[in-house]
Every structure is written in C-alpha cells, then in structure tokens.
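User: Hi! I have a model open and would like to go through it with you. Could we start with the loops and then move on to the charges?

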Amino acid sequence: MPTSRPVDKEGEGAESLIGFVLAAAVVGALTGLAAASFRIALTQLSEWRTALSHWAHGSGWGLLVVVLTCTMAVTAAAALVRRLEPQAEGSGIPHVEAVVAGRAEPGRFRILPVKYLGGLLSMGGGLALGREGPSVQMGGSIAVIVASVTRRPLSDLRVLAAGGAAAGLATAFNAPIAGGVFVLEELVKRFDPRTTIATLVASAAGFGAAYPFVHSGTDFRMPALQDPQMSNAGWVLAVGLCAGALGVLYNKTLMFGLHIADTSRWPAEARAAAIGVAVGVLVWFAPDLAGGGDNLTQNALLGHGAAWAVLGILVLRFFLGAASYAAGTPGGLFAPMLVLGAYTGLLVGLAAEHLNPETAPEPAALALIGMAAFFTASVQAPITGLILATELTGTTNQLPPMLGACASALLVAVALGSRPIYDLLTDRAAAAAVARENGPRTLQED
C-alpha cells in the first residue's frame, strides 16, 4: 500500500522544502558577510573623509583636494552604474521589490560588485545616502546567484530574493526583526508561510554571520527616558503631524529630483560631478554634515542642539538627501530618513521646552518618536518603523507614544494622497526595465 510523503501548502515534498530552507540560510549567511564588510568599509571611508577635511584646512590647496576627491568618487560611482549595470542605481530596494513581484527580471550577477564598489564610492564621497539600500540589493543579487547555482525555479528565486533583502537590512542596522518585518510588510506585502519562512531564516542567518564583525550592541545610544505621560500627548501628536507632512513633502522632492535627472540632457557623470562638487564644499566646511548621517541621528537622540542649528541641519539634509539620490549612484534612503525624523522630533521637543519648560517631554524622546513617525509617513510601513526605532536604540518604554505618532503620520500621508516612496520608486524601476528592453525613451514620474 503506497504511503504519502509530507507536503507543504503548495504540494512540495518535505525534502524539497528542506532544500529551499537551506538555500535561504545560505543566502542569508552570504548576505550577512557581504553587508558586514560593506558596513565596515563605509565606516573606515567616513573616518578617512573626515581626516582629509581636517588635513586640508592646513594646506593651501586643501579645498581643491577635498572637492576633487569627492567629485571624482561620486562621478566614478555614477559611471559604474551607467556603463556597467544601470540596475545598480539608487537604493536597490525598488529593483528587488519589482523582481519579487514579477515585474522585472532578476538581473545579472554583476549587480553585486557594481553595487558594492559604487556604494563605497558614492557614500565614501560624502553623498547623503544610506548603506541599507545597497545591502538589500546585494542580498537580492546573492539570492539570484544561489538560486541559479542550486537550480531553484523562478518562483523560489523570487522568494529567496526577499529573504536576501531581509538579511541585508538586518545586517545594515543590527535589526534582524525589522529586516524580516520590512520585507513582509512593504516589499512583498504578504505573510504567507513560505515567504515568511524564507525571510525569517535568511534574516537570522545574515545577522548570525555578521555578528562577529559588526555587532556592538544597538546602533544608537539613548539616555534613560522617563515613562511617557498623557499630559504630553499633544506634543506627541505634533511630532506625528509634522513628520507626516514633512515625509510627504520629502517623497515629492525625491521624485521631482529624479524626474529632473531622467529628463536632463546632461550625461549622468556630469550630473553626478556637479553634485559631487557641492558635497565636496560641504565636506570642507562641515564634514560632520555629509555622508549617511548616523552621527547626526545620534546627536539628536541624545537631545543635543539649539533650535536654530537643528532647523538648519534639518533643511540642509532635506535637500542634500534629495540631491544625493538624484546623482544616479548606489545608495539608500533609510539612514537619511532617520536623520530627518530625529531632527523633526528634536525640533518639536526644543519648542516644547521653550514654551512649557516645567512639563515638556524630553527632546530625546520626541527625537526617537519622530524617527519612527517620519519613516512611517514616507514608507507607509508603520510596524517596521516602530520595530526599527526600537531595535536601533534598545528603548521600549516609548512604544505607546511612538504608536500614536506613527498613526498620526500615516493618517496625514494617506489624507494627502501620498503613495509609499518605494512604490513610486518600484514603478520607476519597472519602467526603466521596460525602456531598456524596448529602446531608450523618456521616463515620466507619477
């Protein structure tokens, strides 16, 4: 009498399912190692950039050296993308999302080295971009390689790409839960068992592989915060509303910058060089304001800063982030968003201290809340925003006000008809893929 083999929901045999899970673990581990080395290299480049700026102030040719160095790095990154692998442009998350959704082909293996080297050049050159986007796309590219080598079907490749993305984000921020949740909530937008298994296994494997190299506790230090009080609900609501409006405006500014770049007659390298010159001047005058901005986020989360200085940094980083993304080089959006959100919350906190010093909430607490709220408004992934802010800081007692601020920010974004930034960028990535297949044409943004 024949016996039946265990099968999963899709009718796959248990042995094949085990092979799929092992493939997800391999994807996660390799992504963790790649993303960890990428993160270490970026940290070293950031230190060298700051040291170069300090050295340059003692040299008569210092300004020229700094500007030329930053310009050459950014231009080289743009040239790598345009000449070798256009799909390595920007964050990389939209491309992975399009692949997972079946709207784009997996891409060539060389996405991985171009993304790695191009990201080091662009972010090392001082552009206000984050390491998480390249880490996510490198994870997706590693998934394509592993799926090809192990002869997994296309459906498995797409799920493994989601797992690689989760591992990349988990490593980029030491946030394995946020990595998995972001992929399920925003990138694939479903929690079916097969995708969930691959995502969680890959995220855990990536975090574990990277742990010996980049784990040093939480990414950001927070002071001990008082438990939230209902009397401060108004200020929390203000953070949510401000972050919501600013997040919507930031999405529009990013897409407008990309529209200008897509319709420009300037070669990509020339556009990148112009932005590189501006960034080089900034590195000369204020090196701490350039780059991904983790140092700025840390200062905000400690409650440091005078109101006018905080406002100036907020405005500068708002436009610098949009310009950096329009340069057409590899680089993500998460880290710049965290800066903007933290400084939005900090600015509200400083205003609260000025207007009501006796009972005002701590500025550091509102900076943390603003970080989650701004992310929610732009990405429209509130669960990821809450978990990411918590994992990055290790602070849990601010979850209730964070929840309220994220709800307010999301309400503002939805009421204003704003689409999630990665949906907009995915549409652009899919349109670009069609354009490359059908011949050059002008891209139009939503």
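Analyst: Happy to. Asparagine 174 sits in the loop between helix H6 (154-173) and helix H7 (176-187); helices here are DSSP runs of H or I with at least four residues, strands are E runs of at least two, and both are numbered from the N terminus. This is a predicted model, where local features need pLDDT of at least 70, side-chain atom pairs count only at pLDDT 80 or more, and totals for chains, interfaces and linings use all residues. Residues are numbered from 1 along each chain as its sequence is written, and side-chain values use heavy atoms, with hydrogens and water left out.

User: What is the phi of asparagine 174?

Analyst: Asparagine 174 has a positive phi of about 50°, although it is not a glycine. Most residues other than glycine have a negative phi.

User: And is asparagine 174 buried or exposed?

Analyst: Asparagine 174 counts as buried because its relative accessibility is 8%. Buried means under 20% relative accessible area, exposed means over 50%, and partly exposed is in between, with a 1.4 Å probe and protein chains only.

User: What about glutamine 380, where does it lie?

Analyst: Glutamine 380 is in the loop between helix H14 (363-379) and helix H15 (382-393). Glutamine 380 also has a positive phi, of about 60°, and is not a glycine.

User: OK, charges now. How many salt bridges are there?

Analyst: The count comes to 16 salt bridges, taking a side-chain nitrogen of Lys or Arg within 4 Å of a carboxyl oxygen of Asp or Glu. Side chains of opposite charge can pair when their charged atoms come close.

User: Which residue does arginine 110 form a salt bridge with?

Analyst: Arginine 110 pairs with glutamate 85, and the closest N and O atoms are 3.6 Å apart. That pair links distant parts of the chain, 25 residues apart: arginine 110 is in the loop between helix H3 (93-100) and helix H4 (111-124), and glutamate 85 is in the loop between H2 and H3. Glutamate 85 is buried, with a relative accessible area of 1%, while arginine 110 is partly exposed at 37%.

User: And what does arginine 131 pair with?

Analyst: Arginine 131 forms a salt bridge with aspartate 294, with 2.8 Å between the closest N and O atoms. These two are 163 residues apart and link distant parts of the chain, with arginine 131 in the loop between H4 and helix H5 (132-149) and aspartate 294 in helix H11. Arginine 131 is buried at 11% relative accessible area, and aspartate 294 is partly exposed at 25%.

User: Which residues make up a network of salt bridges?

Analyst: Arg39, Arg131, Asp219 and Asp294 are linked in one.

User: Where is arginine 428, and what is its partner?

Analyst: Arginine 428 forms a salt bridge with aspartate 262, the closest N and O atoms being 2.8 Å apart. Arginine 428 is in helix H17 (residues 421-438) and aspartate 262 in helix H9 (residues 233-263), so the pair links distant parts of the chain, 166 residues apart.

Analyst: Leaving aside neighbours within four places in sequence, threonine 297 is in contact (heavy atoms within 4.5 Å) with Phe220, Leu338, Val339, Ala342, Tyr343 and Met371. Threonine 297 is in helix H11 (residues 294-301) and counts as buried at 0% relative accessibility.

User: And alanine 202, where is that?

Analyst: Alanine 202 is found in helix H8 (residues 193-214) and is buried too, at 0% relative accessibility. Apart from neighbours within four places in sequence, alanine 202 contacts Ala24, Gly28, Gly163, Gly164 and Ala167.

User: Last one: which residues make the nonpolar surface patch?

Analyst: Val26, Leu30, Leu33, Ile40 and Phe213 make a patch of about 440 Å². Accessible areas come from the Shrake-Rupley method with a 1.4 Å probe, and for residues only the protein chains shown count as cover. Patches are made of residues with over 30% relative accessible area and no salt bridge, joining like charges within 9 Å and nonpolar side chains (Val, Leu, Ile, Met, Phe, Trp, Tyr) within 5 Å. Helix H1 (residues 14-56) gives the most to the patch, with four residues. Valine 26 lies in helix H1 and is partly exposed, with a relative accessible area of 40%.

User: Thanks, that covers my list!
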